[in-house]
Amino acid sequence: MVVLLPILDDLLNLIFPQGLECPFCGGPCEAGDICNLCGEVFEGYRQESRCARCGRFAGKGALISNNTSAHYCYECRRHDWPFDLVRAAGPYEGVLKEAIHRFKYNGRRSLAAYLAELMAGALRAEPLFAGVDLIIPVPVSGDRLRQRGFNQAALLAKEIGVMIKIPVDGRSLVKDFETPAQAGLSRSARESNLAGAFRVTNTAKVYGKQVLIIDDVFTTGSTMSAASYIIRHAGAKQVFGLTAAAGRYF
Ligand SMILES: [Zn+2]
Ligand SMILES: [Zn+2]
């Protein structure tokens, strides 16, 4: 067996040249690509039922009408949002969730291009996004930027802007301070806290535009909602959102 190992290694190297690991699961794959398994998982996500408004994915037991394009989650049936539509590349779970964590908290910036590619796929699948003429990342405060070293939403926005050839404006929306942990607060309390932290620095850049706001995840929707509210009040014609992952509704 020991004798056979180098041969096995050579064989594996032939089939899967060394160093080419799937950026999501670490499994073998071709250069610059993701592995077949992850490809299948993400393809499956594209087929999944989602809320027509907030883009969250249907969980087990969620009521889905036959007409999935007109299906709204419980929250979207009860409340309005300041955004027109949000879409995500996949649910916030499994390899996608792990990749976002490595990207955001472990500083694996190289993941931005792969996540952005998935997001661009979700964007192209949504006809209403065709009129988007400005991309704005959800900002982080100066303190958070110094602490983390980068803004994950800005990195994603930059990649997507290049992919779909739409200008990215990382300056017109700013976050003046980080809001404290929001658990336990009602949705409206969370959103008004957050909305107070965001500010548009240059209204003229946003006025009349169809803005696409980029963030990494959409879970409660509070961040996207607060950012959309501020952008809409600055005169944007339409406000859309796109994230790498979204939660599920039940
Ligand atoms: Zn993989
Ligand atoms: Zn919804």
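Biologist: Which residue stands opposite Q210 in β7?

Modeller: In this predicted model, local features need pLDDT of at least 70 and side-chain atom pairs count only at pLDDT 80 or more, while totals for chains, interfaces and linings use all residues. Residues are numbered from 1 along each chain as written, ligands are numbered from 1 and chains lettered from A in the order written, and side-chain values use heavy atoms, without hydrogens and water. Strand β6 (residues 210–218) pairs with β7 in the parallel sense over eight bridges, where pairing requires at least two DSSP bridges. Within β7, the residue opposite Q210 is Q238.

Biologist: Which residue of β7 is the bridge partner of G90?

Modeller: Strand β2 (residues 85–91) also pairs with β7, in the parallel sense, over six bridges. Strands here are DSSP E runs of at least two residues, and helices are H or I runs of at least four, numbered from the N terminus. The partner of G90 is A245.

Biologist: How many of the nine residues of strand β7 are buried?

Modeller: Buried means under 20% relative accessible area (1.4 Å probe, protein chains only), with exposed over 50% and partly exposed in between. Strand β7 (residues 238–246) is largely enclosed by the rest of the structure, because the number of its buried residues is eight.

Biologist: What is the arrangement of the four donor atoms around the zinc ion (ligand 2)?

Modeller: The protein donors are the SG atoms of C51, C54, C73 and C76, lying 2.3 Å from the zinc ion; donors are N, O and S atoms within 2.8 Å of the metal (3.2 Å for Na, K and Ca). Four donors count as tetrahedral if all angles lie between 85 and 135 degrees. The angles here are 105 to 116°, so the arrangement is tetrahedral.

Notes
Tetrahedral: all angles 85-135°; square planar, octahedral: opposite > 155°, others 65-115°.
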